[in-house]
Amino acid sequence: MTFLERVQYLAYDPGVTPAEGGLPGLSVLRTVINSLNLFAIIAVVGALAVSALIWAWGHHSGGHQAEANGKKGTVVAAACALLLGAANGIVAFFSALGTQVQ
């Protein structure tokens, strides 16, 4: 097999698949990521509360700019909460989709 054929074969099928237990510290990394996810969700709850308050304050005081910013903040916080909650499913979906690429 020539060098060019080897490179073409590696580009076609490098033989790499995810496997647990290959490196130490995987459980620690999972714990750290879970903790970061929890902190992010708590921060999003705070951002949602502040945005909703700004939206209500802007609406009742006639501040159209504050009302618009409160609406934007509320939508962004809700979208962040959706993405944080669905992170495992999103990664699993695209990982499974990636395995089907030929």
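**Figure 1. Leu38 in helix α2 of the predicted model.** Leu38 is found in helix α2, which covers residues 26-61, and the model in which it is shown is a predicted one. With a relative accessible area of 51%, Leu38 is exposed, because its value is over the 50% that marks exposed residues. Across the sequence, Leu38 is 47 residues from Gly85, and the C-alpha atoms of Leu38 and Gly85 are 9.9 Å apart in space.

**Figure 2. The aromatic pair of Phe93 and Phe94.** The count of aromatic pairs comes to one. The pair is formed by Phe93 and Phe94, whose rings lie 5.0 Å apart from centre to centre with 80° between their planes, an edge-to-face arrangement. The angle places the pair in the edge-to-face class because it is over 60 degrees. Phe94 counts as exposed, at a relative accessibility of 51%.

**Figure 3. A nonpolar surface patch that includes Leu26.** Leu26, Val28, Leu29, Val32, Ile33 and Leu36 together make a nonpolar surface patch of about 520 Å². Leu26 lies in helix α2, the helix that spans residues 26-61. At a relative accessibility of 32%, Leu26 counts as partly exposed, and because patches are made of residues with over 30% relative accessible area, this value is enough for a patch residue.

**Figure 4. The chain as a whole, with its confidence.** The chain has four helices and zero strands, and along the sequence its elements follow the pattern α-α-α-α. Of the 102 residues in the chain, 8% are buried. The accessible surface comes to about 8,400 Å², and 71% of that surface belongs to carbon and sulfur atoms. The mean pLDDT over the chain is 88, and 88% of the residues score at least 70. Confidence is lowest in helix α1 (residues 3-12), where the mean is 65, and highest in helix α3 (residues 64-85), where the mean is 96. Where pLDDT is low, the predicted coordinates should not be read in detail.

Figure 5. With residues up to four places away in sequence left out of the count, Ser51 touches Gly70, Gly73 and Thr74.

Figure 6. A search of the whole structure finds one salt bridge. Side chains of opposite charge can pair when their charged atoms come close. Here the side chains of Glu67 and Lys71 meet at 3.9 Å, N to O, a distance that qualifies because the limit is 4 Å. Both Glu67 and Lys71 lie in helix α3, four residues apart, which is about one turn of the helix. Glu67 counts as buried at a relative accessibility of 15%, whereas Lys71 is partly exposed, with a relative accessible area of 38%.

Figure 7. Gly70 has its place in helix α3, the helix with the highest confidence in the chain. With a relative accessible area of 1%, Gly70 is buried. Gly70 touches Ser51, Ile54 and Trp55, again without counting residues up to four places away in sequence. The C-alpha atoms of Gly70 and Ala52 are separated by 6.0 Å, although these two residues are 18 apart along the chain.

How values were computed:
Residues numbered from 1 in each chain as written. Heavy atoms only, no water. Helix = DSSP H or I, 4+ residues; strand = E, 2+ residues; numbered from the N terminus. Buried < 20%, exposed > 50% of the residue type's maximum accessible area, 1.4 Å probe, protein only. Phe/Tyr/Trp six-rings, centres within 6.5 Å; stacked < 30°, edge-to-face > 60°. Patch = residues over 30% accessible without salt bridge, like charges linked within 9 Å, V, L, I, M, F, W, Y side chains within 5 Å. Areas by Shrake-Rupley, 256 points an atom, 1.4 Å probe, with all protein chains shown as cover. Contact = heavy atoms within 4.5 Å. pLDDT = per-residue confidence, 0-100.
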